[in-house]
Amino acid sequence: MDQPLAKLRREYMRQCRKVFGINMTDPKQRVSDHQLICKYDVTPFEWVTRARRLRYLSRFVLWAPEPLRALAWQNQSSTRSWVGLLIDDCRWLRDNCAKLEKLPDPDRTNFHKWVEIIREYGSRWSGLVEAAANMAKSNMDRGEEGQVQVDLMKCQFCEKLLSTGNSMIMHLQKRHGY
C-alpha cells in the first residue's frame, strides 16, 4: 500500500474508533484494526476504496476522452498502477456479483467486454458494485463467537500472508524498501 493510501487507512480507522467511542490512550479499550472490523462490523478500508474506484470506473468509461483512457492503459502492467488496481477490483466484482460471473478476466485483451457492460448498465453500475460489496460482506467467514475472519493479504513481491494493513506496510518497508 502506498504511503498516502496508508495514511488514509490510518485516518479511516482512527475515525471509526472515534465513532464507537474507543479511547486508544486507555489500555483497557485499546483494539487492533482487525478487532475493530470484527467486533463493530466496520467495513474494511480496502473495500471502501475498491467500491469508490469501481463507481468511478463507470464515469471514466462513459465520459473520459479517448487520450486520457489511452494514457491510463499505458501503465497497466504495473500492479501498483491505477488500472492495475481497477483490473483487480473488476475481478473482485466478478467474483461477488452473480450477474457478472460469466464475464472474461478483465485484462487488456478482454476489457472491451467490461466497457460494454458498464455502458449497458449506465447508472445502475453503482447498484451492482453495492450488491457485490453486500454479498462479500455477508460471505465473510465467521469464526467462534461470531467474529469475522478477515481475508489475509498477500505481499505482491514475496507472497507472504499478512493479516492487517499495518503489518503489510511494515513488511513492505522493512523487507522490500517501500
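Biologist: Leaving aside neighbours within four places in sequence, which residues is Asp89 in contact with?
Modeller: This is a predicted model. In it, Asp89 is in contact with Arg50, Arg53 and Leu54, once neighbours within four places in sequence are left aside.
Biologist: And where is the place of Asp89? Is Asp89 buried or exposed?
Modeller: Asp89 belongs to helix α5. Its relative accessible area is 1%, so Asp89 is buried.
Biologist: Turning to the largest nonpolar core, which residues touch the most other members?
Modeller: That core has 24 residues, and those touching the most other members are Leu54, Leu57, Trp92, Leu93, Leu100, Trp114 and Trp125. Two or more residues come from each of α3 (45-63), α5 (82-96), α6 (111-121) and α7 (125-138).
Biologist: What about another core?
Modeller: Another core, of seven residues, lies apart from the largest one; Cys16, Val31, Ile37 and Val42 are among them.
Biologist: Back to Trp114: what is in contact with Trp114 beyond its neighbours within four places in sequence?
Modeller: The contacts of Trp114 include Cys90, Leu93 and Arg94, as well as Leu100, Pro104 and Trp125.
Biologist: Which residues of α6 are buried?
Modeller: They are Phe111, Trp114, Val115, Ile117, Ile118 and Tyr121. These residues cover an arc of only 160° around the axis, and therefore lie on the same side of α6.
Biologist: What is exposed on the other side of α6?
Modeller: Glu116 and Glu120 are exposed there.
Biologist: Which residue follows α6?
Modeller: Gly122 follows α6, with a positive phi near 55°.

Key: Residues numbered from 1 in each chain as written. Predicted model: local features only at pLDDT ≥ 70, side-chain atom pairs only at ≥ 80, totals over all residues. Heavy atoms only, no water. Core = buried A, V, L, I, M, F, W, Y, C linked by side-chain atoms within 4.5 Å. Buried < 20%, exposed > 50% of the residue type's maximum accessible area, 1.4 Å probe, protein only. Helix = DSSP H or I, 4+ residues; strand = E, 2+ residues; numbered from the N terminus. Contact = heavy atoms within 4.5 Å. Arc of directions from axis to C-beta.
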